[in-house]
Structures are given as C-alpha cells and as structure tokens.
Amino acid sequence: MSVVGLDVGSQSCYIAVARAGGIETIANEFSDRCTPSVISFGSKNRTIGVAAKNQQITHANNTVSNFKRFHGRAFNDPFIQKEKENLSYDLVPLKNGGVGIKSPPSLQMLRGDLC
C-alpha cells in the first residue's frame, strides 16, 4: 500500500509517496522536487508552479503568490487591509467574509478556501 503526502507552504509545495521501501519526493515537470506555490492567470488559462513564477515580473498583476498567509482571516482584518496595499493582485471579500482573489473575467474567482 502507498500513501501520498502533500505539503503546501507559503513559498513552495512538495508531494511525496511513502511505500514499503521508503519515502520518495515526486519531481515536477522541471525535475525539481520543490514546486513554487504560485499561480498565474492568462486570458484563457492558468499556469502554476515554476512557469507561473517565471511570469511574476512580466505579468505581476495576474500572478498570485504567498496567498496562504491570508487563510482563515476575515477580509476586514487589519492585517489584510494593510497587506493588500502592497500586493500586485487584488483581494476581494467573499460572501462568508473571507478573502478571495480577483481573477480575469474569463476565469472564476479563486476562493481562499480552495487554494
């Protein structure tokens, strides 16, 4: 029997499989064992990981990183209000009072509880 483990962090994420012979960290499409926790929105698609991180400079307004620090906080939390001034992407309030990310109109809003 195998067990899969996920570690989703603020900066990066890892996927590992525990098997009878030990634990193996799975490499991404760039042969890296560490994948950046970054998402970039295009007009009709989303890019994740290394490819998205490469777009942070050229498409800063459509690239989201470090979103995990907003989990579990209310949109009107003073920390959120202070931090949103320094972000290249827009935060929006959700119906439940949480924090969401405004994405291009062609894509659905990425909700804080799905990141």
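## The hairpin of β5 and β6

In this predicted model, strand β5 is joined to strand β6 by a hairpin that passes through four residues. Strand β6 covers residues 46–48, and the two strands run antiparallel, with three bridges between them. Within this pairing, I39 stands opposite I48 of β6.

Strand β5 also pairs with β7, again in the antiparallel sense and over three bridges, and here V38 is the residue that stands opposite S65 in β7. Strand β5, which spans residues 38–41, is covered on both faces, with V38 and S40 buried on one side and I39 and F41 buried on the other. As a general point, the side chains of a regular strand alternate between the two faces of the sheet.

In soluble globular proteins, nonpolar side chains tend to be buried together.

## A nonpolar patch on the surface

Nonpolar side chains are also found on the outside of the model, where V4, L6, V8, I15 and I26 form a surface patch with about 450 Å² of accessible area together. The largest share of this patch, three residues, comes from strand β1, which covers residues 3–8.

V4 is found in strand β1, and with a relative accessible area of 55% this valine counts as exposed, because the cut-off for that class is over 50%.

## Two residues with positive phi

Two loop positions deserve a separate look. S31 has a positive phi of about 65° although this residue is not a glycine. The serine is found in the loop between β3 (22–25) and β4 (35–36), and S31 counts as exposed because its relative accessibility is 61%.

N66 likewise has a positive phi, near 55°, and is a residue other than glycine. N66 is found in the loop between β7 (63–65) and α2 (78–83), and with a relative accessible area of 23% this asparagine is partly exposed.

## The chain as a whole

The protein chain contains two helices and ten strands, and from the N terminus on its elements run β-β-β-β-β-β-α-β-α-β-β-β. Of the 115 residues in the chain, 32% count as buried.

The accessible surface of the protein chain comes to about 7,700 Å², and carbon and sulfur atoms account for 52% of that area. Among the contacts in the chain with a separation of 6 or more, 31% are between residues 24 or more positions apart.

Notes. Residues are numbered from 1 along each chain as its sequence is written. This is a predicted model: local features need pLDDT of at least 70, side-chain atom pairs count only at pLDDT 80 or more; totals for chains, interfaces and linings use all residues. Side-chain values use heavy atoms; hydrogens and water are left out. Patches are made of residues with over 30% relative accessible area and no salt bridge: like charges are joined within 9 Å, nonpolar side chains (Val, Leu, Ile, Met, Phe, Trp, Tyr) within 5 Å. Accessible areas come from the Shrake-Rupley method with a 1.4 Å probe; for residues, only the protein chains shown count as cover. A salt bridge is a side-chain nitrogen of Lys or Arg within 4 Å of a carboxyl oxygen of Asp or Glu. Buried means under 20% relative accessible area, exposed over 50%, partly exposed in between (1.4 Å probe, protein chains only). Two strands pair if DSSP finds at least two bridges between them. Contact means heavy atoms within 4.5 Å.
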